[in-house]
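I am opening a notebook on a structure that is new to me, and I want to write down what I look up in the order in which I look it up.

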Amino acid sequence: MRRVNGSALVIAALVATVGALAFPVWSYADRAGTGQANLAAGTVNTQWGPLSASDRDLIVRVRLAGLWELPAGQQAVERAPTKAVKEAGDHLIVGHTDLDRRVRVIAAQLNVELPNQPNAQQQGWLQELTAATGKEYERKFANLLRAAHGKIFPAIGAVRNSTRNSLVRQLATDANQTVLDHITVLEKTGSVDFDAIANDTAALSTASPTGPAAPAAGATVPSAPPVRPDPGVTTSSDPSPAAPGQVDTARPEPSDPDGLLG
């Protein structure tokens, strides 16, 4: 009897172990503190798809950008120390007037509350610009605005990649074009300090450098062969929506079918 009972206990233990492996108590991906759990906790459903916390953050950041960058652009046009600065200011006014209407339509549709004043840091930047004159003004204008655009640029790409909400996806697409246009015209002023931008970016990074090894002094690397389709394959599209060095920001008017903005 003892042998039978011992064997039965061993079999029962094995069955329990296999059962535990086949049917885990929980999914590790859904445990509190994981990325999936955080995404679910901050997400609400809408008719345009789930709206996450990062989606809402982008909506607010686009609105905040317009609240300080449009006044900065107007100031540049009025003070116009150079033709290039005046052109950049013009692009800021036009771009954020357009983008602000788009973000207000989307925020109304998604019931996201928008700020009506720049944040404290942005107000400080506007004060810096107001106090500056001459070459100092030109330098501050180009670098404060270029740095701000450079920081939101990757954030737009991240949301554009991950959002499941069609309205936010369209806003990210529109914002990407506007921000790239503004980066381009700000760099055309010739006053952007690229060394400072690189150093500021590096200071915020903790990752080790990646990529191919640095080229050896005096060495010449072989030319890479071109990437081409097979013979007989025909194409009809253009490689870019605009000529090199230009950004085509032309796009349809934002849709407000319910008259949310009056």
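**Terms and ground rules.** I start with burial: a residue is called buried under 20% relative accessible area, exposed over 50% and partly exposed in between, with a 1.4 Å probe and protein chains only. I keep in mind that this is a predicted model, in which local features need pLDDT of at least 70 and side-chain atom pairs count only at pLDDT 80 or more, while totals for chains, interfaces and linings use all residues. Residues are numbered from 1 along each chain as its sequence is written, and side-chain values use heavy atoms, with hydrogens and water left out.

**Confidence.** I looked up pLDDT, the predictor's confidence in each residue on a scale from 0 to 100, and found that the chain averages 86, with 86% of the residues at 70 or higher. Helices here are DSSP runs of H or I with at least four residues, strands are runs of E with at least two, and both are numbered from the N terminus. Confidence is lowest in helix α1 (residues 2-22), where the mean is 50, and highest in α5, at 98. Over residues 17-27 the pLDDT falls below 50, and this stretch has one contact in the model beyond near neighbours in sequence, a contact being heavy atoms within 4.5 Å. Where pLDDT is low, the predicted coordinates should not be read in detail.

**Aromatic pairs.** I asked how many aromatic pairs the structure holds. There are two, by the rule that rings of Phe, Tyr and Trp (its six-membered ring) pair if their centres lie within 6.5 Å, with planes under 30 degrees apart counted as stacked, over 60 as edge-to-face and the rest as tilted. The rings of W68 and W125 have centres 5.0 Å apart and planes at 50 degrees, so I note this pair as tilted. W68 belongs to helix α3 (residues 53-79) and W125 to helix α5 (residues 120-131), so the pair ties together parts that are 57 residues apart in sequence. W68 is buried, because its relative accessible area is 1%, and W125 also counts as buried, because its relative accessibility is 17%.

The rings of Y137 and F141 have centres 6.1 Å apart and planes at 25 degrees, so that pair is stacked. Both residues lie in helix α6 (residues 134-162), four residues apart, which is about one turn of the helix, and both are buried. An α-helix has 3.6 residues a turn, so residues three or four places apart point the same way. I also found R79 over the face of Y137, at 4.0 Å from the ring centre; a charge sits over a ring if NZ of Lys or CZ of Arg is within 6 Å of the ring centre and within 35 degrees of the ring normal.

**Nonpolar cores.** A nonpolar core is a set of buried Ala, Val, Leu, Ile, Met, Phe, Trp, Tyr and Cys residues joined through side-chain atoms within 4.5 Å. The largest has 21 residues, and those with the most contacts inside it are I59, V62, L110, I156 and L171. The elements giving two or more residues to this core are α3, α4, α6 and α7 (166-187), and α7 supplies the largest share, seven residues. Setting aside residues up to four places away in sequence, L171 touches I59, V62, L99, V103 and I106. A second, separate core of 17 residues includes W125, L126, Y137 and F141.

V77 is in helix α3, and K86 is found in helix α4. Which residues does K86 touch, leaving aside neighbours within four places in sequence? They are A76, V77 and A80. V77 counts as partly exposed, because its relative accessibility is 27%, and K86 is partly exposed as well, because its value is 44%. A80 lies in the loop between α3 and α4, and its phi is near 35 degrees, a positive value in a residue other than glycine.

**Helix α4 and its end.** Helix α4 (residues 83-110) has 28 residues and reaches 40 Å from its first C-alpha to its last, close to the 40 Å expected at 1.5 Å a residue; the expected span is 1.5 Å times one less than the number of residues. After α4 comes N111, with a positive phi near 60 degrees. N111 counts as exposed, because its relative accessibility is 73%.
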